[in-house]
Amino acid sequence: MWRHPLEEGLWLQILERHHAGPLFALTDRNREHLRPWLPWVDNVREVRDSLAFIEEGLERFAQGVGYELGIWLEGNLIGVIGVHRIHRVNLSALIGYWLDAGHQGRGIMTRVTAAVLDDLFLARGLHRVEIRVAPENHRSRAIPERLGFRMEGILREAARHGDRWIDLMIYAILDREWKALRR
Ligand SMILES: CC(C)(COP(=O)(O)OP(=O)(O)OC[C@H]1O[C@@H](n2cnc3c(N)ncnc32)[C@H](O)[C@@H]1OP(=O)(O)O)[C@@H](O)C(=O)NCCC(=O)NCCS
């Protein structure tokens with residue numbers, strides 16, 4: 001992947017090493033916004049932590065088990081969407097995402113997630129895609145709900161946020177369901 005235009009001024013592009021500076025700046029500006037849901041934010045202390053994240057995504061891309069895409073609006077990096085754990089036998093994968101606080105509420109992540117689902121189901125031939133979300137994260141839950149995912153269950157205390165354990169809701173969609181919705 002590519003530079004994938006979604007609409008005027010909005011595109012996705014695989015994160016590369018030279019994006020580490022802008023990615024760190026974006027993360028640094030959004031610490032308060034991300035911390036309740038993405039506790040890794042406190043481990044990102046300098047540009048080389050963002051670089052390590054990008055390199056790990058490139059490694060996943062090279063191995064065919066995932067990728068990390070930057071979301072650009074009018075030339076500015078405004079968020080990230082990542083694909084994890086592409087399973088070559090089960091043809092399944094997980095999606096995770098985050099967006100700059102100031103760009104929320106415009107449907108950007110819904111459109112971006114739909115584009116990634118097109119890539120996973122139509123281009124890569126996957127069978128099942130999951131999104132895992134904390135029950136209290138209503139903004140994030142709305143994305144799979146809007147895109148036709150089904151809530152399949154709850155992983156109890158599956159994520160650790162400091163000294164707290166967080167439940168995760170599993171949302172999933174199958175290739176035939178996505179293709180039927182796109183018709
Ligand atoms: C979760 C997160 C990515 C949502 O991003 P977003 O772009 O605001 O989400 P959406 O694409 O669903 O936008 C929906 C909003 O845009 C509005 N919207 C405008 N045009 C729209 C369109 N064409 N399609 C869908 N929604 C549209 C909707 O009405 C909705 O507004 P509302 O939130 O006031 O109801 C963002 O809040 C975030 O980064 N949160 C912190 C990190 C996080 O929780 N990550 C996920 C961990 S599981």
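**What the labels rest on**

Q: What share of contacts between residues at least 6 apart in sequence join residues at least 24 apart?
A: In the protein chain that share is 59%, where contact means heavy atoms within 4.5 Å. Keep in mind that this is a predicted model, with local features needing pLDDT of at least 70, side-chain atom pairs counting only at pLDDT 80 or more, and totals for chains, interfaces and linings using all residues. Residues are numbered from 1 along each chain as its sequence is written, and side-chain values use heavy atoms, with hydrogens and water left out.

Q: How many helices and strands does the protein chain have, and what counts as one?
A: There are 6 helices and 8 strands. Helices are DSSP runs of H or I with at least four residues, strands are runs of E with at least two, and both are numbered from the N terminus. Along the sequence the pattern reads β-β-α-α-α-β-β-β-α-β-α-β-β-α.

Q: What makes strand 1 and strand 7 edge strands?
A: The open sheet holds 8 strands in the order 1-2-3-4-5-6-8-7, with mixed pairing. Strand 1 (3–7) and strand 7 (150–161) each pair on one side only, and two strands pair if DSSP finds at least two bridges between them. From one strand to the next, the twist averages 25°; such angles run from 0 to 180 degrees between N-to-C directions, with axes fitted to C-alpha atoms (for helices, over the stretch in contact).

Q: How do you know that strand 3 and strand 4 pair?
A: Residues 67–73 and 76–87 share 7 bridges in the antiparallel sense, against a cut-off of at least two.

Q: Why are the buried residues of helix 1 said to line one face?
A: Buried means under 20% relative accessible area with a 1.4 Å probe, protein chains only (exposed is over 50%, partly exposed in between). In helix 1 (residues 20–29), Ala 20, Leu 23, Phe 24, Leu 26 and Thr 27 are buried. Seen down the axis, they fall within an arc of 165°, so they line one face; the arc is that of the directions from the helix axis to the C-beta atoms. They pack against helix 2 (31–34), helix 3 (47–63), strand 4 and strand 5 (92–99).
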